[in-house]
Amino acid sequence: MAKHVEYEKVSSDYLEHRQLKRGAAGWVLLAGLGVSYVISGDFAGWNFGLAQGGWGGLLIATILMATMYTCMVFGLAELASALPVAGAGYGFARRALGPLGGYATGIAILIEYAIAPAAISVFIGDYVKALGLLDATWPVYLACYIVFVGIHLYGVGEALRVMFVITGVAVVALVAFVVGMVPKFDSSKLFDIGDGSFLPMGVTGAWGAVVFAIWFFLAVEGVPLAAEEARDPKRDMPRGIIGAMVVLLVFAAAILLVAPGGAGSKVLEASGNPLPEAVRAAYGGDTFLAQLVNYVGLAGLVASFFSIIYAYSRQLFALSRAGYLPRWLSKTGKRKTPYLALIVPGTIGFVLATTMKTIDPVTGGARLINIAVFGAALSYVLMMVSHIVLRKTAPDLPRPYRTPGGVVTTSVALVLAVAAVIATFFVDEIAAAVTAGIVVIAVAYYWFYSRHHLVANAPEEEFAAIAKAEAELD
């Protein structure tokens with residue numbers, strides 16, 4: 001099937017213990033899943049970009065990243081409808097770029113999804129602390145992982161419905177925040193950082209802000225990971241991921257304008273709970289709206305935390321099932337949930353969140369964001385290359401949905417994704433280097449071990465095998 005790769009044909013019993021629950025999600029739930037992945041980015045994280053580039057720099061960065069994500073989502077909608085497998089990005093790249101390319105893409109996605117919940121748990125701790133409910137943050141992180149991993153262990157249908165409700169509550173909080181902040185808007189407050197200019201840190205500041213502008217959209221690309229649990233993935237995947245992106249674009253524009261415009265960019269540039277702090281600054285103290293946004297804002301953070309746990313478990317499940325990572329990680333229980341793929345990254349995330357917050361209480365969350373963004377941006381580069389390659393090498397592949405603009409659209413996303421990868425080194429060289437090191441170690445594991453023990457009848461590998469056989473016949 002591929003040079004220098006060895007496959008094993010496993011028994012039916014192997015795959016029987018690695019099955020997900022089919023038909024658990026329609027397109028509305030998938031769109032809700034996409035919004036849920038990302039919505040925490042409206043509540044915290046994006047504001048660190050104000051310190052990097054000022055409001056003007058963050059605005060430029062957000063426009064560029066909105067363009068990148070929109071173009072990428074159109075490309076992923078096509079790939080997900082043509083190759084509906086739980087591996088998603090790994091499955092797409094596996095078909096286009098071979099085993100190593102697929103594995104590298106999967107690892108980059110896994111880094112993103114394993115680290116992002118750790119960052120979000122830090123923000124949840126900051127929101128809880130702001131309410132005066134608990135001074136110590138690590139018990140909050142532990143409670144988040146235990147409760148929400150537990151719900152996922154119970155069943156995917158139940159988990160997705162709970163996630164949908166939590167996301168709905170978070171959306172109400174965002175709408176209330178935007179409406180409440182409009183009367184306090186003053187354009188001069190946008191430019192109260194540095195010398196008061198549009199770009200107080202220059203063009204390089206805008207480039208650095210890219211890392212945090214991504215937080216408005218980070219993880220929406222995870223919708224295709226639900227392919228094997230969707231009712232009709234060929235039809236529902238494009239609807240779900242595009243619908244989610246539309247909602248996220250609206251919220252990103254609204255939050256970026258009214259939060260610093262009502263409170264001042266300087267107030268928010270280093271805040272771990274920027275929306276409640278924005279309300280308090282705009283209204284001169286604690287108000288009902290500040291309390292509402294603070295309490296209900298927790299729902300937004302929880303929604304993303306909860307849903308990205310789903311995403312990392314499915315990516316790890318797919319890589320393990322195919323033999324790229326230890327096979328025991330992909331076992332599913334009686335309720336068809338990959339329990340070890342849920343628990344192992346959750347444990348790592350808790351340790352990371354606690355450690356980073358202890359080492360650096362102020363910017364620990366920001367560093368975790370940088371690590372997650374590096375993994376994400378690297379995966380975007382590889383997935384967009386996969387779309388372009390498949391358009392050229394597999395023109396006859398059935399595509400129930402086709403990307404508007406074709407490879408031109410995904411080429412735009414590719415160029416911007418490369419710029420995002422470079423930007424992570426400008427913002428945090430240590431975080432970028434650590435993440436790159438993880439990728440190198442993972443590739444070494446593939447080269448010296450897992451490429452000799454891949455599973456021939458894993459769905460993602462079968463797609464590639466069929467494609468190769470058809471090419472040889474032609």
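Biologist: Is Arg 391 buried or exposed?

Modeller: Buried means under 20% relative accessible area, exposed over 50%, and partly exposed in between, with a 1.4 Å probe and protein chains only. Arg 391 has a relative accessible area of 18%, so Arg 391 is buried. Keep in mind that this is a predicted model: local features need pLDDT of at least 70, side-chain atom pairs count only at pLDDT 80 or more, and totals for chains, interfaces and linings use all residues. Residues are numbered from 1 along each chain as its sequence is written, and side-chain values use heavy atoms, without hydrogens and water.

Biologist: Which side chain meets Arg 391 in a salt bridge?

Modeller: A salt bridge is a side-chain nitrogen of Lys or Arg within 4 Å of a carboxyl oxygen of Asp or Glu. Here the partner is Glu 78, at 2.8 Å, N to O. Glu 78 lies in helix α4 and Arg 391 in helix α14 (residues 364-393), so the pair ties together parts 313 residues apart in sequence. Helices are DSSP runs (H or I, at least four residues), numbered from the N terminus.

Biologist: What forms a salt bridge with Glu 78 at 2.9 Å?

Modeller: Arg 399 does. Arg 399 sits in the loop between α14 and α15 (407-427), 321 residues from Glu 78. Glu 78, Arg 391 and Arg 399 are linked in a network of salt bridges.

Biologist: Where does α4 bend?

Modeller: The bend at a residue is the angle between axes fitted to the seven residues ending there and the seven starting there. α4 bends by about 105° at Gly 54. Of the 35 residues in α4, 26 are buried.

Key: Helix = DSSP H or I, 4+ residues; strand = E, 2+ residues; numbered from the N terminus.
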